[in-house]
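Please look through the sequence and the structure shown here before reading the questions and answers that follow them.

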Amino acid sequence: MLEGLNKINWDNLYHAYGVASDLPLLLKQIAHKDEAMSTKALTTLFGNVYHQGTRWEASAYVVPFLFDLLRNKDTLNRNHLLKLVLFLAIGDDFLKVDKLPFEAEKMIQLYEDFLEHEKKEIIQKLHNESHVLTNSEVDKFNRLVILWAKECYRETEARVSEICQLMEDENAEVAKMAICSLPWFYKHQEIFVEPMLRLLQKNESLDLKVTALLTVGVIQNLDQRFISHLENYSSVNHHFFIRLASVISLVECGIFVHEELLFQAEAQRPLINEFGAKIPYDRPLIGFVAHARNLVAKQSR
C-alpha cells in the first residue's frame, strides 16, 4: 500500500500551509491502526489539500494514494477518505443535485498556459507573509486554483472503475457516496452501467437501492438500459420507496408513468422524511417528490 509515495518530490510541491513535505507521513499515519493517529492525520490532510474549498498544487498528487487507502478494507475512516476524494474532484457540490448536469470542460476551464516557474513564483509569493499580491497576481492565482481543481477531477475520473467497486462496499456510507458521485462522471456510463444494474438486482439494502434509483434520474444523457429497470421497479410488486424512487427518476427522464404515486406520497410525508434521512443527497426525499410533481404539472399544461 502507498507504493510510489517516495517517488514524488513532495518538497517541490505546495499545499495550503506551505511546502508539502509533510504529506507522505500524513498518508502513512492515516493507514495506521491507531484510531486517534489516523483520524488526526486525515483531518490535517483534509485542511492541507482542500482548504476552504480550494485545491492546491499538491492536491491532485494525493488522489491516487487516497484510492490506495480506500482499497484496503482495514483502513479506518474510509467514508471520510472517500468524502475527501469527492471534495477534491468535484468540490462542495458533490451531493447537490441542483448543480447537475455537470460539464467538466465548461466548469473546469483549461488554464494550461502557465510555465512551471510562473506557478512557483505565484505560490511562493502567496506564502510570503510580507508580500501583498497584486491584482494581476491574484488573477493568476485564481486561474491556478481552477487548474488544480481540473487536475483533481481528472485523477478521480481516471478511477471511475474503482468508484464502481466501492458501490458494493460493506460500509453503507461508502457505498452510497460512491453511487451519488456517478452523475459527475456521466460520460463514463460504459464503465458504470453494468455494475449499477447488478447492484439494483442483487443488493437487499433498501436505502442503498433507493439512493441508486434516485441517482439514475439525475444522470445526464442516461443510458437507455436503465429505463426498463426503472419501469420494472415502478410496478406494484415492489416496496413503496423503491416504486417512489423509480417513478421520480422516470419523470426526471421525461417518462410519465404511475405519477399518481407522487401525489399519494404526501400522505406518507412523516415516513418519507424519516426514511429520507438515510439518503446522502442534500435534497431531501420529499424534495425529490416535489420536484417530480412540478415536472408532471408542467407536462400536463
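This is a predicted model: local features need pLDDT of at least 70, side-chain atom pairs count only at pLDDT 80 or more; totals for chains, interfaces and linings use all residues.

Residues are numbered from 1 along each chain as its sequence is written, and side-chain values use heavy atoms, with hydrogens and water left out.

Q: Is Leu27 buried, partly exposed or exposed?
A: Leu27 is found in helix H1, residues 23-30, where a helix is a DSSP run of H or I with at least four residues, numbered from the N terminus. Buried means under 20% relative accessible area, exposed means over 50%, and partly exposed lies in between, with a 1.4 Å probe and protein chains only. Because the relative accessibility of Leu27 is 0%, Leu27 counts as buried.

Q: Which residues does Leu27 touch, not counting residues up to four places away in sequence?
A: A contact means heavy atoms within 4.5 Å. With residues up to four places away in sequence not counted, Leu27 touches Leu2, Leu5, Leu45, Phe65, Leu66 and Leu69.

Q: Are H1 and H3 roughly parallel or roughly antiparallel to each other?
A: Two packed helices are described by the angle between their axes and the distance between the axes. Axes are lines fitted to C-alpha atoms, for helices over the stretch in contact, and angles run from 0 to 180 degrees between N-to-C directions; H1 and helix H3 (residues 59-71) pack at an angle of about 15°, with their axes 11 Å apart. Angles under 35 degrees count as roughly parallel, over 145 as roughly antiparallel, 65 to 115 as roughly perpendicular and the rest as oblique. H1 and H3 are therefore roughly parallel.

Q: How many nonpolar residues does the contact of H1 with H3 have?
A: In this contact, Leu23, Leu27 and Ile30 of H1 meet Val62, Phe65, Leu66 and Leu69 of H3. Ala, Val, Leu, Ile, Met, Phe, Trp, Tyr, Cys and Pro count as nonpolar, Asp, Glu, Lys and Arg as charged, and the others, Gly among them, as polar. By class, the contact of H1 with H3 has no polar and no charged residues, and the number of nonpolar residues is seven.

Q: Which residues of H2 and H4 make the contact between these helices?
A: The axes of helix H2 (residues 35-49) and helix H4 (residues 78-90) come within 11 Å and cross at roughly 0°, which means that H2 is roughly parallel to H4. From H4 the contact takes His80, Leu81, Leu84, Phe87 and Leu88, and from H2 it takes Leu42, Leu45, Phe46 and Val49.

Q: How far apart are the closest N and O atoms in the salt bridge of Glu157 with Arg154?
A: Side chains of opposite charge can pair when their charged atoms come close. A salt bridge is a side-chain nitrogen of Lys or Arg within 4 Å of a carboxyl oxygen of Asp or Glu. Glu157 and Arg154 both lie in helix H7 (residues 135-157), three residues apart, about one turn of the helix. Between Glu157 and Arg154, the closest N and O atoms are 2.9 Å apart.

Q: Which parts does the pair of Lys176 and Asp207 tie together?
A: The side chains of Lys176 and Asp207 meet in a salt bridge with an N to O distance of 2.7 Å, and both Lys176 and Asp207 are buried. The pair ties together parts that are 31 residues apart in sequence, because Lys176 lies in helix H9 (residues 172-181) and Asp207 in helix H11 (residues 206-216).

Q: Is Asn221 buried or exposed?
A: Asn221 lies in the loop between H11 and helix H12 (225-233), and Asn221 has a positive phi of about 50° although it is not a glycine. Because the relative accessibility of Asn221 is 60%, Asn221 counts as exposed.

Q: Which residues are joined by a cis peptide bond?
A: Pro101 has its place in the loop between H4 and helix H5 (104-107). With omega at about 0°, the cis peptide bond joins Leu100 and Pro101.

Methods: Helices (H or I, at least four residues) and strands (E, at least two) are DSSP runs, numbered from the N terminus.
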